[in-house]
Amino acid sequence: MEHGPKQVNQFDFPKDSMQKKFSKNYYNCRPVDGDEVRRHWRQYSTRKKFEPQLRNNKIIDAEHLRLVKKEEQYWQQILKRLIPLVRVLGMQNLAFRGTHEKLNTADNGKFLKFVDFLALFDPLMDKHLRKIKIKDNETHVHYLGKDIQNELIHLLSDAIKQKTLISACDAKYFSIIIDYTHGAGHVEQMTMIICWMISNTENSNAATASIKEHFLDFVPLKKTTGAGMAETIIKQLGKMSLSIENLRGQGYDNGRNMMGKNKGVQRKILDVNP
């Protein structure tokens, strides 16, 4: 606004219905005295050309958006095939990867083998694998590598965990089973298992109860003392929205740091919730 209006010069001025069009010469005026005068107030609006294209989705941005949406839908359809595959392999407790992580090679694991099998009957997956093969020597995102496998495993794991915790919270009272061991990376970690009871009322005269027991997580331990492990357990229960006041049972091994009557985890938990 400080610099005033800006006149359009570099523009392909369109013709109107009378085959006439604006000219940048109109910005100037030559009065009778012969001196050319600049008409700074005169403006040309390119918006009048832009609006019909916008309404008809003919602008460049609209075409880019269409291509982005098409690409987005493509990857959504790929993921709709890969997520059930991850779920099935996980439910059957099967290893995902083999010796190699490349398509069309021996010993490349169950995940990629099932992807090959799916491509035999699914045109979209067949097209996807052919695209990968063509661009084999290039850096190409294909959603079949170990990173996406791990990401899908963690996403499904979190979804199952949240559903488990909702059920446990609805039941209110729960018990825990705790143990600790060395992980593959030689890190002390604690295993957490939660138990609770749910009632299934089938009719007004009878009700059945069932015990649910679910593994929750591997939790790295900074301290393996009774006090240190008890502190970790209490923090984890808080993160999971499980109130320690509703804890009704503890299960541990016979280690002194677990069941020790004075300094063990069991004693420390009882001090918090008798």
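**Spaces and helix contacts**

Helix α5 (146-171) and strand β5 (206-220) each supply at least two residues of the lining of the largest pocket. Helices (H or I, at least four residues) and strands (E, at least two) are DSSP runs, numbered from the N terminus. The model is predicted: local features need pLDDT of at least 70, side-chain atom pairs count only at pLDDT 80 or more, and totals for chains, interfaces and linings use all residues. Residues are numbered from 1 along each chain as its sequence is written, and side-chain values use heavy atoms, with hydrogens and water left out.

The largest share of that pocket lining, 6 residues, comes from α5. Among the lining residues you will find Ile 153, His 154, Lys 161, Phe 215 and Asp 217. By class, the lining has 5 nonpolar, 4 polar and 2 charged residues; here Ala, Val, Leu, Ile, Met, Phe, Trp, Tyr, Cys and Pro count as nonpolar, Asp, Glu, Lys and Arg as charged, and the others, Gly among them, as polar. The pocket holds about 340 Å³ of space. On a 1 Å grid over the protein atoms alone, a pocket is an open set of points with protein on both sides within 12 Å along at least five of seven lines, whereas a cavity is a set where a 1.4 Å probe fits but cannot get out; lining residues have an atom within 4 Å of a point. Grid points are joined across faces, edges and corners, and a volume is the space filled by probe spheres set on the points.

What about cavities? Searching the whole structure turns up 1 cavity of 30 Å³ or more. The lining of the largest cavity includes Arg 97, Glu 101, Leu 112 and Lys 146, and its residues divide into 2 nonpolar, 4 polar and 3 charged.

Now to the helices. α6 (residues 226-239) packs against α8 (residues 265-272) at an angle of about 50°, with the axes 8 Å apart. This makes α6 oblique to α8. On the α6 side, the contact (heavy atoms within 4.5 Å) includes Met 229 and Ile 233, while Val 265 and Ile 269 are among the residues of α8. The contact residues comprise 8 nonpolar, 1 polar and 1 charged.

Finally, the axes of α3 (residues 110-119) and α4 (residues 123-134) come within 7 Å and cross at roughly 120°, which makes α3 oblique to α4. Axes are lines fitted to C-alpha atoms, for helices over the stretch in contact, and angles run from 0 to 180 degrees between N-to-C directions; those under 35 degrees count as roughly parallel, over 145 as roughly antiparallel, 65 to 115 as roughly perpendicular and the rest as oblique.
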